[in-house]
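Please brief me on how this chain is built. Cover its sheets, its core and its aromatic contacts.

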Amino acid sequence: FGIMLGLLMVGIVSAQDDVEIIDMNTSFVGEFTDDVSSITVGFEGTAGKVIYISALDEIVPVEFTLLSPTGGQLAQSVNSLIRNIELGSDGQYTIAFNRPEWSQDEGEFIAHLGAYILESLTEIDDGTALTYSGDLADAGAQQQFALDATEGDVVTIALYGANLGFTI
């Protein structure tokens, strides 16, 4: 048993050495083919850093899992998103992107690894609207906002730009 465990540990370490490393606040383009249904990338994480991972999967469906530096599962994607996960230690984290079992689709997907930042909205001069103007970091990037509202407040959201989406 001890020998098998040792061999397994060596196999895990060797597999992590072959992982492509991506930087924080950048996007990654992966491609599923007939022969490739799983892609793993890594990034250097710092304890206490809060991150998110998103994927644009209009061409091919993609599911993904965030793994700790020791290989334990920290989160799994829901609707192509892992929201605001606080990293527990320093080290190399990995993200395993997989084509779902129900799909045979081939093609590219774009995934984004970003730092969670909660932006402030600024009040327009007349006090009736809050605005934010800015650019997203890269394809697949997100921007989070918080809004204090009370029961009975009417909130209207207007977005301007190409290929935007939002969640409330």
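The briefing below goes from the sheets to the core, then to single residues.

This is a predicted model, in which local features need pLDDT of at least 70, side-chain atom pairs count only at pLDDT 80 or more, and totals for chains, interfaces and linings use all residues. Residues are numbered from 1 along each chain as its sequence is written, and side-chain values use heavy atoms, with hydrogens and water left out.

- An open sheet is formed by 5 strands in the order 1-3-8-5-6, with mixed pairing.
- Strands here are DSSP runs of E with at least two residues, numbered from the N terminus.
- Two strands count as paired if DSSP finds at least two bridges between them.
- Strand 1 (20-21) and strand 6 (73-76) are the edge strands, and each pairs on one side only.
- Strand 5 and strand 8 run antiparallel to each other, joined by 5 bridges.
- Phe-64 has Phe-97 of strand 8 as its bridge partner.

- The order 2-9-4-7 describes an open sheet of 4 strands with antiparallel pairing.
- Strand 2 and strand 7 each have a single partner strand, so one side of each is left without a neighbour in the sheet.
- On average, neighbouring strands of this sheet are turned by 20 degrees against each other, direction ignored.
- The axes behind that angle are lines fitted to C-alpha atoms; angles in general run from 0 to 180 degrees between N-to-C directions.
- Strand 4 pairs with strand 9 in the antiparallel sense over 6 bridges.
- Tyr-52 has Gly-114 as its bridge partner in strand 9.
- Strand 4 is also joined to strand 7 (residues 81-86) by 4 bridges, again antiparallel.
- Across that pairing, Ser-54 stands opposite Leu-81, and Val-50 has Glu-86 as its bridge partner.
- Strand 4 is largely enclosed by the rest of the structure, because 5 of its 7 residues are buried.
- Buried means under 20% relative accessible area, exposed means over 50%, and partly exposed lies in between (1.4 Å probe, protein chains only).

**Nonpolar core**

- The largest nonpolar core has 22 residues, of which Phe-43, Ile-53, Leu-66, Ile-95, Phe-97 and Phe-109 touch the most other members.
- At least two residues of this core come from each of strand 2 (26-32), strand 3 (38-45), strand 4 (50-56), strand 5 (63-67), strand 8 (91-98) and strand 9 (107-115).
- A nonpolar core is a set of buried Ala, Val, Leu, Ile, Met, Phe, Trp, Tyr and Cys residues joined through side-chain atoms within 4.5 Å.
- In soluble globular proteins, nonpolar side chains tend to be buried together.

**Ile-95**

- Ile-95 sits in strand 8 and counts as buried, at 1% relative accessibility.
- Leaving aside its neighbours within four places in sequence, Ile-95 is in contact (heavy atoms within 4.5 Å) with Ile-39, Thr-40, Val-41, Phe-43, Ile-53, Phe-64, Thr-65 and Leu-66.
- Ile-95 and Thr-40 are 55 residues apart in sequence, yet their C-alpha atoms are 5.6 Å apart in space.

**Aromatic contacts**

- The whole structure holds 6 aromatic pairs.
- Phe-43 and Tyr-93 form a stacked pair, 5.5 Å centre to centre with 15 degrees between the planes.
- This pair ties together parts that are 50 residues apart in sequence, because Phe-43 lies in strand 3 and Tyr-93 in strand 8.
- Phe-43 is buried at 1% relative accessibility, and Tyr-93 is buried at 1% as well.
- One aromatic cluster consists of Phe-28, Phe-32, Phe-64, Phe-97 and Phe-109.
- Rings of Phe, Tyr and Trp (its six-membered ring) pair if their centres lie within 6.5 Å; planes under 30 degrees apart count as stacked, over 60 as edge-to-face and the rest as tilted.

**Backbone points to check**

- Asn-25 has a positive phi of about 65 degrees although it is not a glycine.
- Asn-25 lies in the loop between strand 1 and strand 2 and is partly exposed, at 36% relative accessibility.
- Asn-84 is not a glycine either, and has a positive phi of about 35 degrees.
- Asn-84 belongs to strand 7 and is partly exposed, with a relative accessible area of 31%.
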